[in-house]
Amino acid sequence: MHILVVEDEKRLAALLRRVLTEERHVVDVAHDGVTGLGMTLGGSYDLVILDLMLPEMDGMTVCREMRAAKIDAPVLMLTARGAIEDRVAGLKTGADDYLVKPFAMEELLARVDALLRRRSRQLDASAQLQVGDLSLDLLRHEARRGDQLIELTAKEFALLEYLMRHPGQVLTRTQILDHVWGYDLDTLSNVVDIYIHYLRDKIDRGFARPLIKTVRGVGYRIEA
Ligand code: CA
């Protein structure tokens, strides 16, 4: 699923990105409220993890503005404050759940899972991405080309999901690295090319129409 983390503590934001990416989610990060709000308005997120105390615009305002703009992605609010009135106020602005810092990662993942399960039930049909005869079932973690089931590793799945969420759009290596690998960059500089090669082997090889296109000098795009 596609998750936005809005958190100004950069180490926590990086940790959340890493942990959620390991859970096979595609994660974007914003470090202030204004950027975070802009990203929710421009993107299609399945979940927003929103810190309460943020520079530029606080979490409650971001949440209220999102709801005013009819963005219905579930919001998990993070707060350093334990006061009951803050939690109540957060929920009143349209947050779905909250977590008081410091929290255990297991606790966060449990809340994220619960919210995403609820979300999935809401938009059952759209938990499926489709490009040509290639489909990706985000709930079952299954890829199919036509009737053929394709086995993918977690990283391959995340990469394919990212491409398929932007059909026809050229994605640069940097964008792909940033979204699929995050800050976990103790990786080879050509890791994107290597994984694109793996993916092509699995989803394009043996099919008449390749779906993954190389845009020379820029990056890749998927298109039917
Ligand atoms: Ca903060």
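1. A residue is called buried when its relative accessible area is under 20%, exposed when it is over 50%, and partly exposed in between (1.4 Å probe, protein chains only). At 37% relative accessibility, Tyr198 therefore counts as partly exposed.

2. This is a predicted model, in which local features need pLDDT of at least 70 and side-chain atom pairs count only at pLDDT 80 or more, while totals for chains, interfaces and linings use all residues. Residues are numbered from 1 along each chain as its sequence is written, and side-chain values use heavy atoms, with hydrogens and water left out.

3. Tyr195 and Tyr198 both belong to helix α8 (residues 191–203), where they stand three residues apart, about one turn of the helix; helices here are DSSP runs (H or I, at least four residues), numbered from the N terminus. One aromatic pair is found in a search of the whole structure. The ring centres of Tyr195 and Tyr198 are 5.1 Å apart and their planes lie at 75°, so the pair is edge-to-face (centres within 6.5 Å, planes over 60 degrees apart).

4. Helix α1 (residues 10–22) has 13 residues and spans 18 Å from first C-alpha to last, close to the 18 Å expected at 1.5 Å a residue, the expected span being 1.5 Å times one less than the number of residues. Its buried residues include Leu12, Leu16 and Leu20, and just after α1, Arg24 adopts a positive phi of about 75°.

5. Helix α6 (residues 154–164) is mostly covered, with nine of its eleven residues buried, among them Glu156, Phe157 and Glu161.

Note on methods: Helices (H or I, at least four residues) and strands (E, at least two) are DSSP runs, numbered from the N terminus. Rings of Phe, Tyr and Trp (its six-membered ring) pair if their centres lie within 6.5 Å; planes under 30 degrees apart count as stacked, over 60 as edge-to-face and the rest as tilted.
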